[in-house]
Amino acid sequence: MYLPKITRLPSVRLLSCIQQQLLLPSIPPPAAPKRAVSQGEYRRPGQLREDKFPWEPITFGFSKGLEGIKKHFKLLKKEFFDRWVGPEGKPLLEHMLEQNRVMWEFRGPESLEQWTVSSDREIGGQSEVHLKLGNNNNTCFLYGTLNATPPRDGETCYSGYCSMRSQQPLASFNRKNPYDLSTFNTLHLRVRGDGRPWMISIATDTYYSHQKNDMYNYFLYTRGGPYWQDVKIPFSKFFLTHCGRIQDDQHPLWLDKVNTVGFTLADKAEGRFQLEIDFVAVSKDYAHSEEFAYELYKRNPEV
């Protein structure tokens, strides 16, 4: 009897393959990588990945470990006794009446250890940035050369930035210890630039890993010349960005969880630049009553 093609029996080879698949044990799916790409550092396109454990680049030693233990227990002791005095080791009344606080001032080589500099050389660019003490070791002098030529990797389209950022404050045993600036409302700077516009960036402590690139930014316009300028920027003027892109959903700066403060130059004007900083401080301006300068979108608007 003739059978159509639809109802033909499978061949012997197909039957053997089906039997082998039924007899083979179940193969587990491939395991996830050790570290997600979003948690690692920036890697240039085409650069080989260094799949190393976090403890591999660390040099272990008995003397170094003993010094670290002494350092962290000393910090832990200070934190314990500061709690009995008041917030941040200050009496409660002094903490409430404080109107000005100098966060960073540059009065010696050790003050530069609290800052780090970076440029587009990390992604293959050609900009250069340097940091040193100014005249009489009383100021910070940030200088270098900006070059907007993108790297020839076939993927990067834009380049040309130089930045300086304060280091993350740490408590004992390398725990994050963000600054609490909730009693202040203004950022006070004393700078002397060359006429270039800078971007001031403030990073806060976040709850989720996808918020690690969130920054609060505002502009710093230097007028150049030999004279110093005192710049006061209310915290209500800072707007939220993610990876350099302004977000539609804006909200005020979290002043009780400030991690770092930075200065970034990316005005696409190639050439030399310089910025001299005397101090970075915060203040309480009672004449400023603005809570937030930008429009807030309501998810459930009122009818």
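This is a predicted model: local features need pLDDT of at least 70, side-chain atom pairs count only at pLDDT 80 or more; totals for chains, interfaces and linings use all residues.
Visitor: What does pLDDT say about the chain, and about residues 1-39?
Guide: pLDDT is the predictor's confidence in each residue, from 0 to 100. The chain averages 81, and 82% of the residues score at least 70. Over residues 1-39, though, pLDDT stays under 50. With contact meaning heavy atoms within 4.5 Å, the model has 13 contacts beyond four places in sequence for that stretch.

Visitor: Why is Cys157 called exposed?
Guide: Exposed means over 50% relative accessible area, buried means under 20%, and partly exposed is in between (1.4 Å probe, protein chains only). Cys157 has 56% relative accessibility, so it counts as exposed.

Visitor: And why does Cys162 count as buried?
Guide: Because its relative accessibility is 1%, Cys162 lands in the buried class. Across the chain's 303 residues, 31% are buried.

Visitor: How many disulfides are there?
Guide: A disulfide is a pair of cysteine sulfur atoms within 2.5 Å. By that rule, the count is zero.

Visitor: What makes β3 and β4 a pair?
Guide: Strands here are DSSP runs of E, at least two residues, and helices are runs of H or I, at least four, numbered from the N terminus. Two strands pair if DSSP finds at least two bridges between them. Strands β3 (residues 128-133) and β4 (residues 140-146) are joined by six bridges and run antiparallel, so they pair under that rule. Lys132 sits opposite Phe141 in β4. The hairpin has six residues between the strands, and Asn136 takes a positive phi near 60 degrees there.

Visitor: How do you know that β8 pairs with β10?
Guide: Four bridges link β8 (residues 214-221) to β10 (residues 239-242), in the antiparallel sense. Met215, for one, has Thr241 in β10 as its bridge partner.

Visitor: Which strands form the open sheet, and in what order?
Guide: Seven strands, antiparallel in their pairing, in the order β2-β5-β12-β7-β8-β10-β11.

Visitor: What makes β2 and β11 edge strands?
Guide: Each pairs on one side only, β2 being 115-119 and β11 being 245-246. In total the chain has three helices and 13 strands.

Notes: Residues are numbered from 1 along each chain as its sequence is written. Side-chain values use heavy atoms; hydrogens and water are left out.
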